[in-house]
Amino acid sequence: MRLARTRLTLIAALFAPLALLAPTTAHAAPAAAAHRPARHAPDETITLPVRDALTELTVADESRAGYSRDKFKHWTDADKDGCNTRAEVLLEEAVTAPEVGAKCTLTGGSWYSPYDDRYLDSASKLDVDHLVPLAEAWDSGASAWTAKEREAYANDLDDARALIAVSAASNRSKADKDPTEWLPPYAGYQCTYVTNWIADKTRYQLSVDPAEQTTLTELLAACPDQPITVTYAR
């Protein structure tokens, strides 16, 4: 009996160090921290696939409380050349350049509206669309911005995706809808539209709501996962 007890004691001594190495409930590894998109500094430039860019956007519910279009001052003439932001976009995107008259009145010229695959021969037939509408920007974070930041957003000429000349009819059909409610009627432009939507929200570090994220994810599945280059505006 004494010999048996001696053997048991030796076995216990051999396995005791291994028991100390085994994980226990009390010392379980901590759970991974929840993913939170990094904040980026103004003028920082990044390039990444559009699907990755979508996953980096904050997902949050939206609120339109307190919104007024007047809280986004536009159209301004930042360079004081007599042509406001709307006219600058029309001049930049013209297929055939119009004549510029007094007070930047535009006559003649032609434009292509990618939303509905149409050519238009008069500036009066076009609207300059905020790709991410002002109301949508407000819902997605701009409500917390300063008046100057909202003015900069409403007149952004530094990123060609932010403002786009399109037919008045297509722009008014879109209104302030996001891609869960509206897409360009021209199917050939829809992937570009969705990609640019994500780039614009990335540029201003705006959020997406859960339904919007789901819709964008589904739409991107049928689009090229192309790289986008974005310079942060704020």
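This is a predicted model: local features need pLDDT of at least 70, side-chain atom pairs count only at pLDDT 80 or more; totals for chains, interfaces and linings use all residues.

1. Residues are numbered from 1 along each chain as its sequence is written, and side-chain values use heavy atoms, with hydrogens and water left out.

2. Searching the whole structure gives two disulfides, a disulfide being a pair of cysteine sulfur atoms within 2.5 Å. With the bonded cysteines numbered in sequence order, they pair 1-2, 3-4.

3. C83 is bonded to C104, at an S to S distance of 1.9 Å. This link is right-handed, with 95 degrees about the S-S bond. C83 sits in the loop between helix 2 (50-56) and helix 3 (85-93), and C104 in the loop between strand 2 (99-100) and strand 3 (106-107); the two are 21 residues apart. Helices (H or I, at least four residues) and strands (E, at least two) are DSSP runs, numbered from the N terminus.

4. Both C83 and C104 are buried. Buried means under 20% relative accessible area, exposed over 50%, and partly exposed in between (1.4 Å probe, protein chains only).

5. The sulfur atoms of C191 and C223 are 2.0 Å apart and form a disulfide. Its S-S torsion is about -85 degrees, so the disulfide is left-handed. Because C191 lies in helix 7 (residues 190-203) and C223 in the loop between helix 8 (210-220) and strand 8 (227-231), the pair ties together parts 32 residues apart in sequence.

6. C191 counts as partly exposed because its relative accessibility is 27%. C223 has 9% and therefore counts as buried.
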